[in-house]
Amino acid sequence: MAKSEVRGRRRRGLQTGSDEIITLNNVSKAYATGAPALNGVDLHIKKGEFVFIVGDSGSGKSTMIKLLLRELIPTSGEINVMGYDLVRIRHGRIPKFRRNLGIVFQDFRLLKDRNVYENVAFAQRIIQMPNKVIKRNVPSILATVGLAGKYKAKPRQLSGGEQQRVAIARALVNRPSILLADEPTGNLDPKNSWEIMKLLEQINENGTTVLVVTHNREIVNAMQKRVVTMKKGVIVSDEERGGYIDDED
Ligand code: ADP
Ligand code: MG
């Protein structure tokens with residue numbers, strides 16, 4: 001954490017424990033139209049946690065992810081991620097902040113005309129990593145996600161599960177402190193979904209804080225992780241070793 005951030009937090013008296021990596025205090029987000037997408041959300045996540053975010057479509061899960069990425073600014077409330085005050089952060093510091101976040105989406109978002117190696121290397125080129133280092137890091141992270149032999153393949157030559165592994169490798173290659181995944185198994189069959197979730201669990205066991213938005217109740221129930229349940233912009237439950245709450249009204 002930058003010294004100026006520490007001083008700033010002390011000055012503002014934010015209640016962020018030193019082992020807390022994500023803090024939302026009374027966060028609301030209203031878009032131009034409709035009911036607030038988030039309404040008074042409090043959430044505290046410690047370094048090294050694995051957290052599932054579940055809830056019906058429209059309950060505010062993706063809005064929360066976008067706030068954590070500083071793609072959106074809250075209408076009110078405080079957000080602190082890795083010591084960065086995301087309400088007051090200066091624009092010039094956002095790229096440095098984002099460097100420590102990995103993000104994975106349902107639809108993979110790979111560069112279709114680039115091979116696997118280039119898709120992952122791209123993330124390192126953005127932060128101006130020297131080619132020598134990229135040549136070492138990319139094969140290493142591809143081995144971690146189980147794609148050591150596929151570095152020349154184009155995305156269309158890969159299964160959905162493999163494409164998501166490339167996206168995860170790209171999200172991890174810059175060694176982020178936090179990995180955010182917004183419905184990462186939404187386009188995958190059950191077998192590939194399980195493999196991706198197990199990979200995310202392994203990444204977490206290696207020290208990365210992992211937040212996973214998902215609708216996959218079987219996996220959530222089996223994995224026995226912390227489960228945050230959202231409904232209409234509010235956190236309605238937050239359980240250690242929780243399960244998927246059945247509520248279809
Ligand atoms: P989830 O990811 O849980 O499905 P979202 O965070 O995407 O939920 O959406 C929460 C609510 O905010 C929904 O009612 C949705 O229609 C609304 N919403 C999301 N994005 C926008 C937007 N850009 N403009 C207006 N309303 C939005
Ligand atoms: Mg969503």
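Modeller: Start with the pocket definition. On a 1 Å grid over the protein atoms alone, a cavity is a set of points where a 1.4 Å probe fits but cannot get out, while a pocket is an open set with protein on both sides within 12 Å along at least five of seven lines. Lining residues have an atom within 4 Å of a point. Grid points are joined across faces, edges and corners, and a volume is the space filled by probe spheres set on the points.

Colleague: What kind of model is this, and how are residues numbered?

Modeller: It is a predicted model: local features need pLDDT of at least 70, side-chain atom pairs count only at pLDDT 80 or more, and totals for chains, interfaces and linings use all residues. Residues are numbered from 1 along each chain as its sequence is written, chains are lettered from A and ligands numbered from 1 in the order in which they are written, and side-chain values use heavy atoms, with hydrogens and water left out.

Colleague: How much space lies in the largest pocket?

Modeller: The general idea first. Rolling a probe the size of a water molecule over the atoms shows where empty space is left. Here the largest pocket holds about 540 Å³. Its lining has 18 residues, and Leu101, Ile103, Ala123, Ile126 and Asn174 are the closest to its centre.

Colleague: Which elements each supply at least two residues of that lining?

Modeller: Elements are DSSP runs, numbered from the N terminus: helices are H or I with at least four residues, strands are E with at least two. Helix 3 (94-98), strand 6 (101-105), helix 4 (116-126) and helix 6 (160-172) each give at least two lining residues. Strand 6 has the largest share, with four.

Colleague: How does the lining of the largest pocket divide by class?

Modeller: Ala, Val, Leu, Ile, Met, Phe, Trp, Tyr, Cys and Pro count as nonpolar; Asp, Glu, Lys and Arg as charged; the others, Gly among them, as polar. The lining has 12 nonpolar, two polar and four charged residues.

Colleague: Now the ligand. Which residues surround ligand 1?

Modeller: A residue is near a molecule if one of its heavy atoms lies within 4 Å of it. For ligand 1 the list is Tyr31, Ala37, Asp56, Ser57, Gly58, Ser59, Gly60, Lys61, Ser62 and Thr63. By class that shell has two nonpolar, six polar and two charged residues.

Colleague: Which polar side-chain atom lies 2.7 Å from an oxygen atom of ligand 1?

Modeller: A polar contact is a pair of N or O atoms within 3.5 Å; within protein, one must be able to donate a hydrogen and the other to accept it, and residues adjacent in sequence count only if both atoms are side-chain atoms. The 2.7 Å atom belongs to Lys61. Backbone N or O atoms also approach ligand oxygens: one of Ser59 at 3.2 Å, and one of Ser62 at 2.9 Å. Taken alone, ligand 1 exposes 560 Å², and the protein buries 59% of that. Accessible areas come from the Shrake-Rupley method with a 1.4 Å probe; for residues, only the protein chains shown count as cover.

Colleague: How many residues of helix 2 are buried?

Modeller: Buried means under 20% relative accessible area, exposed over 50%, partly exposed in between (1.4 Å probe, protein chains only). Helix 2 (residues 61-68) has six of its eight residues buried. They are Lys61, Thr63, Met64, Ile65, Leu67 and Leu68.

Colleague: Why does Phe108 count as buried?

Modeller: Because its relative accessible area is 9%. Lys232 is exposed because its value is 69%. Glu239, in strand 10 (residues 234-239), is partly exposed because it has 44% relative accessibility.

Colleague: Which backbone oxygen lies 3.0 Å from a polar side-chain atom of Asn119?

Modeller: That of Arg114. Asn119 is in helix 4 and counts as buried, at 1% relative accessibility. Thr23, in strand 1 (residues 20-29), is buried at 2%. Its side chain joins that of Glu20 in a polar contact of 2.6 Å.
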